[in-house]
Amino acid sequence: MSDLYQFEKSAIMAVHDARHDIDQLARLLILAGRSMTTRDEPHPDIALQGFGMAVEWAAQEIERRCAAIAERV
């Protein structure tokens, strides 16, 4: 196989993997948002802190995945 074909295949796989990961991050954000709309938590600041941590983590992961895409493409 040619080097160009291997590069293209690698780039396509990187984009596919990143898309899947970003989709999972979106699901996490949906669940985190839903947790803020349900008020069953006896201590709202704990729920808010958990939400903030989830959003911060997701943002870092999105940045990491975007860097991986940019590196490969």
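Biologist: How many salt bridges does a search of the whole structure find?

Modeller: Two. Keep in mind that this is a predicted model. To call a salt bridge, look for a side-chain nitrogen of Lys or Arg within 4 Å of a carboxyl oxygen of Asp or Glu. Here Arg27 pairs with Asp23, their closest N and O atoms being 3.2 Å apart. Arg64 pairs with Glu61, with 2.9 Å between the closest N and O atoms.

Biologist: Where do Arg64 and Glu61 lie?

Modeller: Both are in helix H2, residues 44-72, three residues apart, about one turn of the helix. Arg27 and Asp23 are in helix H1, and because they are four residues apart there, about one helical turn separates them.

Biologist: Is Glu61 buried or exposed?

Modeller: Buried means under 20% relative accessible area. Glu61 has 13%, so Glu61 counts as buried. Arg27, at 48%, is partly exposed, and Asp23, at 28%, is partly exposed too.

Biologist: And how much of the protein is buried?

Modeller: Buried residues account for 15% of the 73 residues. The protein exposes about 5,800 Å², and carbon and sulfur atoms supply 62% of that.

Biologist: Which residues form a nonpolar patch on the surface?

Modeller: A patch takes residues with over 30% relative accessible area and no salt bridge, and nonpolar side chains are joined within 5 Å. In this model Leu29, Val55 and Ile62 form such a patch, with about 180 Å² of accessible area together. Leu29 lies in helix H1, residues 3-37, and counts as partly exposed because its relative accessibility is 32%.

Methods:
Residues numbered from 1 in each chain as written. Predicted model: local features only at pLDDT ≥ 70, side-chain atom pairs only at ≥ 80, totals over all residues. Heavy atoms only, no water. Patch = residues over 30% accessible without salt bridge, like charges linked within 9 Å, V, L, I, M, F, W, Y side chains within 5 Å. Areas by Shrake-Rupley, 256 points an atom, 1.4 Å probe, with all protein chains shown as cover. Helix = DSSP H or I, 4+ residues; strand = E, 2+ residues; numbered from the N terminus. Buried < 20%, exposed > 50% of the residue type's maximum accessible area, 1.4 Å probe, protein only.
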